Every structure is written in structure tokens, then in C-alpha cells.
Amino acid sequence: MTQPEPTERIVAPLTGMLVPLADVPDQVFASKKMGDGFAVDPTDGTVVAPATGTVMMVAKTGHAFAIKTAAGVEVLVHMGIDTVELAGKPFALTLTKGDAVEAGQPVGTMDLAQITAAGKAAMTMVIFTNLARRRGTLDVRSGAVTAGDAAATVTLPAPDAQPATGAAEVAPPDAAAATAAVSLEAPANLTGFDKLAYQIVEGVGGEDNIRSFLHCITRVRFYLKDESLAQDKAIADLDGVVDVIKAGGQYQVVIGAEVVDVYDAVTRLVGDPSGDATDAPEVERPTTAIGWVKHGFSSLIGVTPGR
């Protein structure tokens with residue numbers, strides 16, 4: 001008997017106008033490299049949880065948070081474009097990692113007037129960071145919404161939709177990681193994030209090639225001594241890695257909502273993340289949103305030094 005396809009109800013995190021992700025004036029999100037989703041151009045600053053689940057991450061600057069639903073869908077909410085530069089001043093979230101939340105539950109506020117006065121856009125993105133990996137589909141409505149209104153539906157393949165033999169819908173971690181194991185083999189005693197951290201460090205040229213590293217909402221960012229030693233494709237092919245981006249003097253390994261776990265594992269392996277930070281190259285910082293796009297994606301989502 002065919003089982004029904006699991007669905008997730010997604011609500012608008014803010015009151016405003018729903019905007020297709022492709023129309024967001026930011027190439028990082030519009031390109032859907034971080035995942036499919038939608039945006040809200042807000043008219044009110046009350047923020048609610050877009051889905052029922054468990055809080056995976058809350059940005060120290062308060063401009064982003066992530067939720068994982070019971071079905072395993074990862075939902076990243078990123079409030080504003082380039083708002084990380086405001087050091088958290090417009091944001092007041094009441095969330096903590098590990099909290100259980102319900103769709104539509106108030107979780108904080110964002111000060112729209114303060115964001116506008118700072119010359120930033122309050123456009124808020126809702127990104128499903130693992131939807132492609134889960135082979136799910138997204139149906140987004142359009143028009144004006146109130147915070148908590150139905151905004152989209154995520155549909156996942158039915159449990160019995162997978163073939164009886166062959167690859168499963170989501171390959172087991174070891175099987176997926178094996179695609180890069182030829183050049184990035186890890187010791188047999190390493191598993192989970194420690195294994196991934198080892199493979200990433202080896203992929204960027206080893207511990208001796210790392211000047212320093214830090215993390216933001218979605219990426220572990222390395223300053224390397226010799227970027228040519230990094231194995232871009234092998235790293236990008238690792239299970240748990242979304243992509244590799246080189247910009248702004250940084251070698252960025254895009255992880256998604258589990259970036260802190262990977263960062264902590266890299267720290268356990270390599271040690272002090274500040275490393276030889278004084279020897280890291282100085283990079284001129286753009287002053288406009290367009291400048292950030294031309295500059296690359298190095299600081300768009302928010303750098304967090306240390307933990």
C-alpha cells in the first residue's frame with residue numbers, strides 16, 4: 001500500500017509581501033545555492049517561527065536562526081540583506097538552540113526603521129537548506145501575508161517511494177563521503193563531524209596550510225597560506241558540504257545549519273582558530289549591497305570569530 005507523501009506546513013515569519021527567491025536582490029540567495037525557498041518584504045517587525053520543530057542555530061547577531069522539523073527539513077531564516085554589519089542592534093530574538101517551537105509562535109522582533117535608517121534592506125529569506133538532498137518539492141503562494149499565515153508547503157517523497165534496491169533517497173553519510181575518499185580518506189576511528197572536519201582540513205592542504213579560520217551562519221571560512229593546495233571538488237563532494245566558494249581572501253566551505261558543529265570539530269582537530277591571524281591578508285570591505293555582490297560572498301551572511 002502506497003503511503004502518503006509527508007508534507008510540512010510553512011508559515012510566513014513576518015507580515016509583508018511574499019517574494020520569489022529568484023527576485024531577491026542578493027545573488028547568494030537568488031541563485032538558490034544555499035537551497036530553495038522564498039522571501040518576505042516585511043511591513044511589520046514581529047517575527048514568528050516559520051515551521052514546527054527544534055531550533056538548530058541562532059546567530060549571535062540575532063539576524064538569523066534555523067529550525068529542523070520532525071521530518072528532517074532544515075529551515076534557515078535570514079533577516080535582512082547585509083544586516084550582520086548592524087551588530088545585532090535591530091534584532092531581539094527569544095530563541096535558544098534546542099528550543100521546541102510551533103509554526104506561528106512569536107520568537108522575536110526586528111526594528112524595520114533602524115534597518116532602513118542604516119541603509120540596509122529588511123527583506124527576509126526563508127531557505128530550505130537540505131530540500132534538494134531530501135528530493136523534496138516546494139510550493140509557495142504569492143501576495144500579501146500576515147505573520148503566521150500559510151506561505152508554502154514542503155512535500156517529501158513517500159517512505160515507500162524509494163527503489164527497493166540501489167541508492168536510497170539520501171545516501172548514507174559513509175557512502176556519500178566515499179565519492180571523495182580517494183583523496184580525502186579519514187582514519188577509521190573518526191565518525192560524524194570529526195570525520196568531516198578531518199576531510200575538510202586535509203582537503204584545504206592540511207593543518208600547516210591554515211593561517212586561521214572562523215565561521216558564520218552557514219560557512220567555515222579559512223585563511224590559507226596557499227589556496228592552490230586546496231582540493232575544491234573533493235571538498236565540495238563530501239557529504240555534509242554544500243559547496244566551496246573562494247572570495248574576499250577566504251576559502252569558504254559552505255555547510256549550512258550544522259556549521260557550528262563542523263567548526264567545533266575543526267577546532268578540536270587544529271586548535272586555536274585565530275592561528276596566524278595577524279598574517280592573514282587585509283581585504284577592502286565594500287560599503288554597498290552591490291559592492292558585496294561584486295566583492296563576493298565573504299561577509300554577506302555574517303562572520304563570527306571564535307565560537
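**Terms and values**

Mentor: Buried residues make up 51% of the 307 residues in the protein, where buried means under 20% relative accessible area, exposed means over 50%, and partly exposed lies in between, with a 1.4 Å probe and protein chains only. This is a predicted model, in which local features need pLDDT of at least 70 and side-chain atom pairs count only at pLDDT 80 or more, while totals for chains, interfaces and linings use all residues. Residues are numbered from 1 along each chain as its sequence is written, and side-chain values use heavy atoms, with hydrogens and water left out.

Trainee: How many helices and strands are there in the protein?

Mentor: There are seven helices and 19 strands; helices (H or I, at least four residues) and strands (E, at least two) are DSSP runs, numbered from the N terminus.

Trainee: Why does glycine 240 count as partly exposed?

Mentor: The relative accessibility of glycine 240 is 29%, and therefore it counts as partly exposed. Glycine 240 is found in the loop between α5 (232-236) and β17 (243-247), and it touches Leu196, Val254 and Ile255 when residues up to four places away in sequence are not counted, contact meaning heavy atoms within 4.5 Å. Glycine 240 and phenylalanine 193 are 47 residues apart in sequence, with 8.7 Å from C-alpha to C-alpha.

Trainee: Why is strand β16 described as largely enclosed by the rest of the structure?

Mentor: Six of the six residues of β16 (residues 219-224) are buried, and so the strand is largely enclosed. Arg219, Arg221 and Tyr223 point one way from β16, Val220, Phe222 and Leu224 point the other way, and all are buried. In a regular strand the side chains alternate between the two faces of the sheet.

Trainee: How do you know that β16 pairs with strand β15?

Mentor: Two strands pair if DSSP finds at least two bridges between them, and β15 (residues 210-216) and β16 are joined in the antiparallel sense over five bridges. The two strands form a hairpin with two residues between them, and leucine 214 stands opposite arginine 221 in β16. Four bridges also join β16 to the antiparallel strand β18 (residues 250-254), where the bridge partner of arginine 221 is glutamine 252.

Trainee: What makes β1 and β12 edge strands in their sheet?

Mentor: The open sheet has three strands in the order β1-β14-β12, with antiparallel pairing. β1 (7-11) and β12 (137-140) each have a single partner strand, so one side of each is left without a neighbour in the sheet. Five bridges join β1 to β14 (residues 150-155), and valine 11 stands opposite alanine 150 in β14.

Trainee: Which residues touch the most other members of the largest nonpolar core?

Mentor: A nonpolar core is a set of buried Ala, Val, Leu, Ile, Met, Phe, Trp, Tyr and Cys residues joined through side-chain atoms within 4.5 Å. Of the 34 residues in the largest one, Phe38, Phe65, Met79, Met110 and Phe128 touch the most other members. A second, separate core of 26 residues includes Ala197, Ala234, Leu238 and Val259. Methionine 110 touches, among others, Leu14, Met79, Phe91 and Ile115, not counting residues up to four places away in sequence.
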